[in-house]
Every structure is written in structure tokens, then in C-alpha cells.
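Open the model in your viewer and keep the selection panel at hand. This tour goes stop by stop, from backbone to charged side chains.

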Amino acid sequence: MQSIYALHQKNSDDIEKEEKFLLHSIDAIQDLYLIMLSSLVEIRKKEIIYLETSSKKHLATPEEKNPNRKFVDNAVLQQLEESNSLSIALEKRKITNWSMNDTYILILLNEIKQSELYQNYMGTKKSTYQEDKDFVADMFAELIAPNEKLYDYLEDNKLTWVDDIPVVNTQIVKQLKQISEGDEFRVTKLYKDQEDQEFVSLLFKKTVLNEVELAKEYIDKTPNWDAERIAELDTIVLKMAICEFLKFPSIPVKVTINEYLEIAKEYSTPKSSIFINGILDNLIKEFQNENKIKKTGRGLIQN
């Protein structure tokens, strides 16, 4: 949607250039995912260094000589540290953000140690695997993900990440909650399969190359709206949705409608989702009557 909008704003017809940027932006989501995951590993490393340094002080207190190591011994944090999948992915994609910007890791560690969540967790020296898992998932969701300084750093690093941060953080929390004792943590793939990857380019190109044709499908269905009065993002959402209806037989109609209503709520005007829902509902009935929708397999229309 944003790439099509960018083409409109630039009055450009360089589809290949915009498609390349689109694919590059999506690929960069994997870097963001790895950066956020590795923050957990780096936070643990910094605390290990802190504990070791404190224990070697000339006038170390009894607590510093024999600290509570529950945080650094957390089973889930150790699983992340020992994950070959994560280590290989970080090396392959050359993710070294925290070695060059460890200030942010120290900021996060300090906020974590000052939190009530941390204090409650450290109240005892031992815990079950479930308690370790719950703590790490909550720590990430409540303290790391919403950290404003970290958010500013990520936004400055790559502007396209602004929309990706919530998606990535949600995926990480989901993984942390599902991880099992004894299993190796596995890095999530960016695309489900080759078809998933190809869908990105196909939807972009089929929408852009058929914009006039797609617009004709809804333009007469908006008697109370002049074409110029419809928000530009709304027209793009409508075209993309109609494109999926007519040119992507494996995508269920209900999935298409739900996805684009969510996009409209997030990016367009407050009333856009209601307007778009009404148009799409009418179009579906018309397309069905005219037998224009050919859905196959899991994409069969459900009443």
C-alpha cells in the first residue's frame, strides 16, 4: 500500500525501482527482528560483566561477592544465548548494532533492574522454567518493547521500521511464550515459503498495472462520493482488495476484507473502514452474481 502510494506521490511509473525498495524494506524486517531478539542476549551479557566486576572490587560487600545470579541464570535467556539458529542468523546478516551502541543495552538493563517486575522475580534465588519464561516474555513486552529511547534509536536507524516494530515485537513475545524447555530456539523465517515471497511482488505489480481497470469496479458504487473526494489511501486499499478478489484465487474473500479493513483503520481516516467495508460488501455480492470470483482450495468463499 505504501509503495503504491509512493508511486502516486512521485508521479512516477518506475515500477521496478519501487518494487526493489519494497522488497528491500520487507527484507530489513528480518534485521529488526534479530536486533530486538539479540538485545535479550546482550542484556544478559552486560549483567554478567557487572556481577563479575562487582565481585572483584577491593571492598566488595558480601552481597557483591555472592550475588543473586537468578537473572543471568534464567533458562530462557540461556536458550537464546546458546541458540545456533540465532547465532548463525546474526552472523549471516552482520547484525552488530549492540556492539557499536551498547549504551542502549545499559539503559535497558538499568530500567529492568529498577522495575517491580525484576524485583519480584529476584525475590527468590530459584525458579521453575515456567517462571523464567513468563519473566522474560513480560520483561520484553513491558520494559524493552515500549522503551522510548530504544524506539528512537530504531526509527533513526531505518525509517521504514516505524510500522514494523509492533509486528516484530508481537512475534517475539509470541515465540517467548511458546518456547519449551530443552528445545533450541529457532529464528522465524521472513517468508512462509516461495509462494509467500512471490505474493509481495505479484500483488504490487498486478495492482499498479491494473489500477484503471480496478477503479472502474468501485467508481459507480459510490454515488454519494465524487472520485476526488475519496481519500487517496482509500482508493489504493480498494484497488488492492479488488485485485485480491479477482486475481488471487487462493486468498479467501473474508481474509481479504478483514486485512484491508485493519489497514484502513491504521492508516486512513476514522470513517474509512466503514466506507470501504460497505463498498467491498456490495462488490462481493455483485461479483458472486456475475461469477467473476474464482476461488480454489482454501480460498473458497464462505457465507
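In which loop does Asn11 lie? Select Asn11: the loop runs between α1 (2–10) and α2. Helices here are DSSP runs (H or I, at least four residues; strands are E, at least two), numbered from the N terminus.

A word on the source before going on. This is a predicted model, in which local features need pLDDT of at least 70, side-chain atom pairs count only at pLDDT 80 or more, and totals for chains, interfaces and linings use all residues. Residues are numbered from 1 along each chain as its sequence is written, and side-chain values use heavy atoms, with hydrogens and water left out.

**Stop 1: positive phi**

Stay on Asn11. Its phi is near 50 degrees, a positive value in a residue other than glycine. Most residues other than glycine have a negative phi. Asn11 is exposed, at 73% relative accessible area. The cut-offs are under 20% for buried, over 50% for exposed, and partly exposed in between (1.4 Å probe, protein chains only).

Now select Lys94. This residue is not a glycine, yet has a positive phi of about 55 degrees. Look for Lys94 in the loop between α5 (84–92) and α6 (97–100). Lys94 is exposed, with a relative accessible area of 66%.

**Stop 2: a link between helices**

Side chains of opposite charge can pair when their charged atoms come close. A search of the whole structure finds 15 salt bridges. Each is a side-chain nitrogen of Lys or Arg within 4 Å of a carboxyl oxygen of Asp or Glu.

Select Lys46 and Asp102. Their closest N and O atoms are 3.0 Å apart, in a salt bridge. The pair links distant parts of the chain, 56 residues apart: Lys46 sits in helix α2 (residues 15–55), Asp102 in helix α7 (residues 102–114). Lys46 is partly exposed at 22%. Asp102 is partly exposed too, at 28%.

**Stop 3**

Go to helix α15 (residues 253–267). Pick Glu262 and Lys265, three residues apart, about one turn of the helix. Their side chains form a salt bridge, 3.6 Å from N to O. Glu262 is partly exposed, with 48% relative accessibility. Lys265 is exposed, at 54%.

Next, show Asp27, Asp31 and Arg93: salt bridges that share partners join these residues into one network.

**Stop 4: a last pair**

Finish with Glu184 and Arg186. A salt bridge joins their side chains at 3.7 Å, N to O. Glu184 is partly exposed at 37%, while Arg186 is exposed at 54%.
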